[in-house]
Every structure is written in structure tokens, then in C-alpha cells.
Amino acid sequence: MDHETLWLSVGLLGQALFSARFFVQWLQSERQKKSVFPVAFWYFSIGGGITLLTYAIHKEDPVFIIGQASGLFIYLRNLYFVVYERKLAV
């Protein structure tokens with residue numbers, strides 16, 4: 001596998017992880033018959049965001065880098081709220 005094919009694979013993996021979060025959210029919402037965001041949504045967001053940020057850095061695309069970096073901050077913050085809320089419930 002050449003260098004560019006490897007990086008293309010990284011980018012596609014990141015996009016697949018990022019897209020999977022919507023599938024996870026949709027299934028959970030259908031099960032509960034209301035709109036919900038399961039914890040897995042945030043993990044897929046973070047995993048996909050990190051992978052896509054890595055790809056964007058490799059491509060040296062400042063627009064893509066800013067978008068993914070700012071999104072990662074939001075995903076991490078939301079995961080923090082989920083963890084914090086669960087600790088309070090215990």
C-alpha cells in the first residue's frame with residue numbers, strides 16, 4: 001500500500017466513524033421513541049473527529065483543521081457532561 005492510499009484509508013475510516021454516530025443515535029431514538037444521544041454518539045464523534053483531524057493535518061487544509069478541532073472540543077465537552085452527570089447520580 002502506498003503512502004497516499006494509506007492516508008486515503010485514514011480519511012475514509014474517520015468519515016465512517018463520524019457517520020456511524022448518526023446511525024447509533026437514530027437506532028437509540030427509535031428504541032426509545034424520542035430523540036436521544038447515547039454515550040456511543042459522543043465516542044464515535046470523538047473517534048471520527050480525531051481521525052479526520054489527523055487526515056486534515058496531513059492534507060494541510062486549514063478549513064478542515066479548524067472545523068474538526070472545534071468540533072472535537074464540543075464533543076469532548078459533551079462527553080464530560082455525560083460523565084459528570086452520571087457521577088452525580090451515584
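Is Lys 33 buried or exposed? Keep that question in mind as you look through these close-ups of a predicted model; the last view but one gives the answer.

**View 1. Helices H1 and H2 pack against each other.** Here we look at helix H1, residues 3–32, and helix H2, residues 39–59. Their axes are 8 Å apart and meet at an angle of about 155°. An angle over 145 degrees counts as roughly antiparallel, so that is the word for how H1 runs relative to H2. The crossing of these two helices is left-handed. If you sort the residues in the contact of H1 with H2 by class, you find 14 nonpolar, 12 polar and three charged ones.

View 2. By the rule used here, the model has 10 aromatic pairs, and Phe 37 with Phe 41 is one of them. Their ring centres are 5.0 Å apart, with 75° between the planes. Phe 41 has 4%, so it counts as buried.

View 3. Trp 42 belongs to helix H2 and Tyr 75 to helix H3 (residues 62–89), so the pair ties together parts that are 33 residues apart in sequence. Both Trp 42 and Tyr 75 are buried.

**View 4. Lys 33 sits in the loop between H1 and H2**. Now back to the opening question: Lys 33 has a relative accessible area of 69%, so it is exposed. Take a look at its backbone too, where phi is near 60°, a positive value in a residue other than glycine.

**View 5. Glu 60 sits in the loop between H2 and H3**. Glu 60 is not a glycine, and yet its phi is positive, at about 55°. With 67% relative accessibility, Glu 60 counts as exposed.

Methods: Residues numbered from 1 in each chain as written. Predicted model: local features only at pLDDT ≥ 70, side-chain atom pairs only at ≥ 80, totals over all residues. Heavy atoms only, no water. Axes fitted to C-alpha atoms, helices over the stretch in contact; angles between N-to-C directions. Helix = DSSP H or I, 4+ residues; strand = E, 2+ residues; numbered from the N terminus. Parallel < 35°, antiparallel > 145°, perpendicular 65-115°, else oblique. Left-handed = near helix turned anticlockwise from the far one by under 90°. Nonpolar A, V, L, I, M, F, W, Y, C, P; charged D, E, K, R; others polar. Phe/Tyr/Trp six-rings, centres within 6.5 Å; stacked < 30°, edge-to-face > 60°. Buried < 20%, exposed > 50% of the residue type's maximum accessible area, 1.4 Å probe, protein only.
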